[in-house]
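Me: Please take a close look at a single part of this structure. Then set it against the rest of the chain. Keep it brisk.

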Amino acid sequence: MTTNIEPSRDFIKLPEMPADVFTAPLKKPAHLGDDWLEPEQARYDAQDDLIWNELFDRQMKVLPGRAATAFMNGLEKLDLGKGGVPEFGRLSEELGALTGWSVVPVPMLIPDHVFFWHLANRRFPAGNFIRTRETFDYIQEPDVFHDVFGHVPMLTDPVYADYMQEYGRAGWKAMRYNRLKALGALYWYTVEFGLMMEGADVRAYGAGILSGPTEVVYAVEAQSPNRIMLNVDRVMRTDYVISDLQPTYFVIESFEDLYRQTVERDFDRLYKSLPPGFTYANSAVIDVDNVINRGTQEYLLRGGRGSGAAPV
Ligand SMILES: [Fe+2]
């Protein structure tokens, strides 16, 4: 099924979303406009700042040697460790000078088409709240720590910054072909859980990996998961888990490689050839895979999260 979405090329105005495109039903808070942006950033108190600082310090114990160099450089360029929840105005000024991106506050997860539209305009929507002591280790919805610490440093890399903008534009095309799940898998396996080669080493650049203490070590070093070179056709046919460590990670050569494999290809043809659902299980290794490590899947075989299995 195709629809008639024809967004203006520059995406200055939010394009109309046709009624026959399915997106998750999210109820917009009454005080927000169609852009879903909060009028201003939340005010954080000393307790909130302390939570940010503790989360930051915890990550810094595990990231060196495991996080991509571009990420570590981004943290430093934006001075995200200066103490407390970063102020989006300052952050946007500094990020704007580097790659033209800004960071804007949103109350919660926002509808796909609005999210794509912001990305297409080089605006990164970030949660306008921080987790509490009670949810320090695991939160359902992405908060400001996940969004700003995990995602924003990567936006200082010029090629990655372009990839993210193109992803936003690509979202509108995916809606036209009703292939949002497939494009979502690409986001999942790159922006959230992507690994990359740096010399002979594997490093993490995905925000879902970099914003928590356990998955950084697991993704880069554990024996359980598969590590497979990214192949866009394959990834867009692959299911993913949202509530546990990943059985498989996909690895890029470089951000130029990621850009070439995605932006510089004919997605119309790809969408026409994709089946509606996923073809491959998230732990599968298939014939066409260029495998770096075939995982033991021991962690999942022992029951994964909730079973107390060690992430080995
Ligand atoms: Fe995220």
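Reply: Helices here are DSSP runs of H or I with at least four residues, strands are E runs of at least two, and both are numbered from the N terminus. The model is predicted, so local features need pLDDT of at least 70 and side-chain atom pairs pLDDT 80 or more, while totals for chains, interfaces and linings use all residues. Residue numbers start from 1 along each chain as its sequence is written.

The part I pick is Leu91, which sits in helix α3, residues 88-99. Leu91 is buried, with 22 other C-beta atoms within 10 Å (buried: 20 or more such atoms within 10 Å; exposed: 12 or fewer; partly exposed: in between; C-beta atoms placed from the backbone). Leaving out residues up to four places away in sequence, Leu91 touches Leu78, Pro86, Val103 and Val152 (contact: C-beta atoms, placed from the backbone, within 7 Å). Gly127 lies 36 residues from Leu91 along the chain, and their C-alpha atoms are separated by 14 Å.

Now the surroundings. Helix α5 covers residues 144-151, and eight of its eight residues are buried, so α5 is largely enclosed by the rest of the structure. Among them are Val144, Phe145, Val148 and Phe149, along with His146, Asp147 and His151.

Next, a helix pair. Helix α6 (158-176) and helix α7 (180-192) pack at about 155°, with axes 8 Å apart (axes: lines fitted to C-alpha atoms over the stretch in contact; angles: 0 to 180 degrees between N-to-C directions). α6 and α7 are therefore roughly antiparallel (over 145 degrees; under 35 is roughly parallel, 65 to 115 roughly perpendicular, the rest oblique). Tyr167, Ala170, Gly171, Ala174 and Met175 of α6 meet Leu180, Ala182, Leu183 and Tyr187 of α7. These residues divide into eight nonpolar, one polar and no charged (nonpolar: Ala, Val, Leu, Ile, Met, Phe, Trp, Tyr, Cys and Pro; charged: Asp, Glu, Lys and Arg; polar: the others, Gly among them).

Last, the whole. The protein has 13 helices and seven strands. Its radius of gyration is 19 Å, close to the 20 Å of the globule rule for 312 residues, so it is as compact as a globular protein of that length (radius over C-alpha atoms; rule: 2.2 Å times the number of residues to the power 0.38). Buried residues make up 39% of the 312. Of contacts between residues at least 6 apart in sequence, 67% join residues at least 24 apart.

Definitions and conventions: Two residues are in contact if their C-beta atoms, placed from the backbone, lie within 7 Å.
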